[in-house]
Amino acid sequence: MKTSISITKYKNTREELIKELLNTDTDLIHIDMMDGEFVSNKQLLPNEVLSLTKGISKKLDVHMMVKDPIKYLRELQELDNINNVTVHEEIGNTSYYLDCIHELGLKAGLAINPDTEVNKILQFLDDVDVVLIMGVVPGEGGQEIIPSTISKIDELIELRNKYNLSFEIEFDGGVNKNTRNYLGKLDIIVSGSYVCLSDNMQESIDSLR
Ligand code: DX5
Ligand code: ZN
């Protein structure tokens, strides 16, 4: 299982946080891009992402909580350390956005909000590299997990087996060492405030594995 650490919450500055994360063995750094439209907060738009992460040794897991991914995708092309770009089902035009991401040679992820059912994305499952299950309403770090989102993990594992598919399953929001116990088998686990506000980030990451 891979860990992906969200840099939404930090103690001092984001620059310092990234430096510290580079000294851990996290597999990915999770970039929560917010446009002020799909969600009301605004953060980690391309300029900031480029200045924080260009040339760093870790791969990026870019979670676009935005209404118009194309605009931001273009600007991110300068980065050569993107692992995947994930868009939300709720913005529509899913096939088109997945194609655009694939055309750039990147892995494509599809995220679903807590109130979006798995059956909404059935038709896209053979086209996605990652399905991101939101455990909280997008837009804010440090929220509590919504329990009804957890069963989507097993639902997706079943579908993946049934249709012999290969997408990865990622869970995002409200993950800490206690809630981790309820999540079972995952391919990628996102955690933000639990790790980034802790005194020992490496130990916190270890406790999620
Ligand atoms: C929510 C974001 C999450 C979140 C994770 O809008 O997509 O990635 O910030 O942070 P924690 O782990 O604090 O819920
Ligand atoms: Zn996220």
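Q: Which conventions apply here?
A: The model is predicted, so local features need pLDDT of at least 70 and side-chain atom pairs count only at pLDDT 80 or more, while totals for chains, interfaces and linings use all residues. Residues are numbered from 1 along each chain as its sequence is written, chains are lettered from A and ligands numbered from 1 in the order in which they are written, and side-chain values use heavy atoms, with hydrogens and water left out.

Q: How many residues surround ligand 1?
A: A residue is near a molecule if one of its heavy atoms lies within 4 Å of it; here 19 residues surround ligand 1, with D32, G139, D172, G192 and S193 the closest.

Q: Which polar side-chain atoms lie by an oxygen atom of ligand 1?
A: A polar contact is a pair of N or O atoms within 3.5 Å. A polar side-chain atom of S193 lies 2.5 Å from an oxygen atom of ligand 1, and one of H63 lies 3.3 Å from an oxygen atom of the ligand.

Q: What radius of gyration does the chain have?
A: The radius is taken over C-alpha atoms, and the globule rule is 2.2 Å times the number of residues to the power 0.38. For 209 residues a compact globule would have a value near 17 Å, and the chain agrees with its 16 Å; the C-alpha trace spans about 45 × 40 × 30 Å along its principal axes.

Conventions
Polar contact = N/O pair within 3.5 Å; in protein donor to acceptor, adjacent residues only side chain to side chain.
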